[in-house]
Amino acid sequence: MCGIVGYIGDKEAFPILIKGLKRLEYRGYDSAGVALLNGNTVLYKRKGKVSDLEEHIGSQEVSGKIGMGHTRWATHGEPNDVNAHPHKSFNDKFIVIHNGIIENYARLKEKLIGRGYEFDSETDTEVLANLIEYIYLKGDVTAELAVRLALSKVFGAYGLVVMCKDEPDKLIAARKGSPLVIGVGKGEYFLASDATPIVEYTKSVIYLNDGDVAVIKKNELKLKTIDNEILTPEIQELSLDIGEIDKMGYEHFMLKEIYEQPKAIADTFRGRINSDCTNIHLGGLHAVWPDLENARRIIIIACGTSWHAGLVGEYLFEEFARIPVEVEYGSEFRYRKPVIYKDDIVIAISQSGETADTLAAIKLAKEAGATVLGICNVVGSSIPRETDAGVYTHAGPEIGVASTKAFTAQVTVLTMMALKLARKKYQISEDQFNHMVKELTLIPEKIEKALELNDHIKAIAELYKDCTNALYLGRGFLFPVALEGALKLKEISYIHAEGYPAAEMKHGPIALIDKEMPVFIVATKDSSYEKIVSNIQEVKARNGIVIAVVTQGDDTIKHMADHVIEVPETPEHLAPLLTVIPLQQLSYHIAVMRGCNVDQPRNLAKSVTVE
Ligand code: M6R
């Protein structure tokens, strides 16, 4: 979604802003712009990529030691040059960039038009810029007060940066529902939607909380609430490393992240599983174990790939810990008046920690008195701050829009939680527990083995890259993998794909089967193996094409399927961690062969901060 960068200090702002915008490209956007103050206002914006903006600016001089940059993901108004940010106010006093949605913008716009204001764009942001200016001019107040008063009149979500031509020594930033991070340098400050544009300049950061307003001069930072209560900024140290946000020689971030999975999983269980695999320690949940043990029910809330990880979690918690689980989409849960009990445990899963629907669902669950836990990848993001307790996945930054290593890291955390809970509730024996924990620690090296099949998978991709539809089937623990395989294919290669529980095929999708459509079947040796073998036969009986992900050495399916991809043997509870790998590789290769923008697929955003 939209990305924000800002700079104030003694350096030329423009190169910092452009580099920052490039760091934020992964979030997804359709236009970009920059504005600087240097006695005058310098403002350039363009539909398209940051490189289009650079081309548009060309050799024109862009100097100034204070400035802001923005990548826009359209919500109000089509992606074009005019709707791109930054937006100037009508009398040129203010320049604003904004992430989020001002919900009452139409009414405010009407009132401002009534007071003589004219608008260039269709955006809610220009309304905000004009509202700030109107208050500033009418009330003869400071820019900061005008911003705070304006914000008290808007509904919705924002991450916001404002510059005022009359007060060119400061940036004013505010947050409600859309993240903002301040980087603290020596005699300079940086601002961004996440830490990636900041980390190469400083590791000292301040995460703004909802309702915070920051007034930033090059040597001074004042933090307060919208109502002018003074706050003490909490400076935190970034653990992010600059190398983690580079492609490191890979053609795409997605490919790098697929290959990082052995490390991401190992990093996620490192320090949490003891050396002889007899104990799991999840420090972030320490205070809530009694609640977990006594939970009436677990509700897992997430979106997209994280929701698929949640489905695996359902199977794990129910099988091991014998607690009923419901898995909900944040967007449905928040609006459908769900029944939530005080002794429910709600687990929100999110890579970014900023997904608007998941955050709203968390708020609802908290209001109902449930204990809310988070499983998140981005440290310091909103979800870990909104939840009562939680566990970080240590997958490292995930830049590719298609989630890969975040999924396997989330499943790793869910596995540890389910096993630990099962042990505490005496639902599994010590031997079973130790065996499963040991098996989990073997997963990284088994993924290394699975990754060796890259050339074989690429050859399969070559055969099916031109298909227009694909079906993904799986049963039990492998049903969520089928869903995830289908999502990966559709989001980066734009091929229509559906994931189904294999037995449901007979209730509809079987009608689609013909000799054109590949059917990807996840069929490793598990408790429903015989059943899925029958499903494969059903597809073959109708001249369907079967590409099966199977357990190494499986001769039965090899004789039925058109192609098999063999992954190492593992207990069925852990099979999602292995079987998803070839499906990620397959989607990746198909998308590359089709010439798609793998890391930034059309219309998609990495963190979906609007509902
Ligand atoms: O950051 P989150 O995990 O909350 O994001 C949820 C979804 O937006 C995300 O998983 C999305 O579906 C990915 N593009 C899938 O690859």
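**Cysteines and pockets in a predicted model**

**Figure 1. Cysteines C277 and C376.** C277 counts as buried because its relative accessibility is 6%; buried means under 20% relative accessible area, exposed over 50%, and partly exposed in between, with a 1.4 Å probe and protein chains only. C376 takes part in no disulfide, and the nearest cysteine sulfur, that of C303, is 12 Å away. A disulfide is a pair of cysteine sulfur atoms within 2.5 Å, and by this rule the count comes to 0 disulfides. C376 also counts as buried, because its relative accessibility is 2%. This is a predicted model, in which local features need pLDDT of at least 70, side-chain atom pairs count only at pLDDT 80 or more, and totals for chains, interfaces and linings use all residues. Residues are numbered from 1 along each chain as its sequence is written, and side-chain values use heavy atoms, with hydrogens and water left out.

**Figure 2. The largest pocket.** The volume of the largest pocket is about 850 Å³. It is lined by 44 residues, of which L240, N377, V378, G396 and P397 are the closest to its centre. A pocket is an open set of points on a 1 Å grid over the protein atoms alone, where a 1.4 Å probe fits, with protein on both sides within 12 Å along at least five of seven lines; lining residues have an atom within 4 Å of a point. Grid points are joined across faces, edges and corners, and a volume is the space filled by probe spheres set on the points. Domain 1 (3-243) and domain 2 (247-450) both give residues to the lining, so the largest pocket lies between them.

**Figure 3. Composition of the lining of the largest pocket.** β11 (204-207), β15 (236-237) and α7 (261-269) each supply at least two lining residues. The largest share, 3 residues, comes from α7. By class, the lining of the largest pocket divides into 16 nonpolar, 14 polar and 14 charged residues.

**Figure 4. The second largest pocket.** This pocket has a volume of about 630 Å³. Among its 32 lining residues, C303, G304, T305, K606 and V608 are the closest to its centre. Two or more lining residues come from each of α9 (304-321), β18 (344-350), α11 (356-367) and α16 (479-493), and α9 gives the most, with 5 residues. Domain 2 (247-450) and domain 3 (452-599) each provide at least three residues of this lining.

Definitions and conventions. Helix = DSSP H or I, 4+ residues; strand = E, 2+ residues; numbered from the N terminus. Nonpolar A, V, L, I, M, F, W, Y, C, P; charged D, E, K, R; others polar. Domains from an automatic or database assignment.
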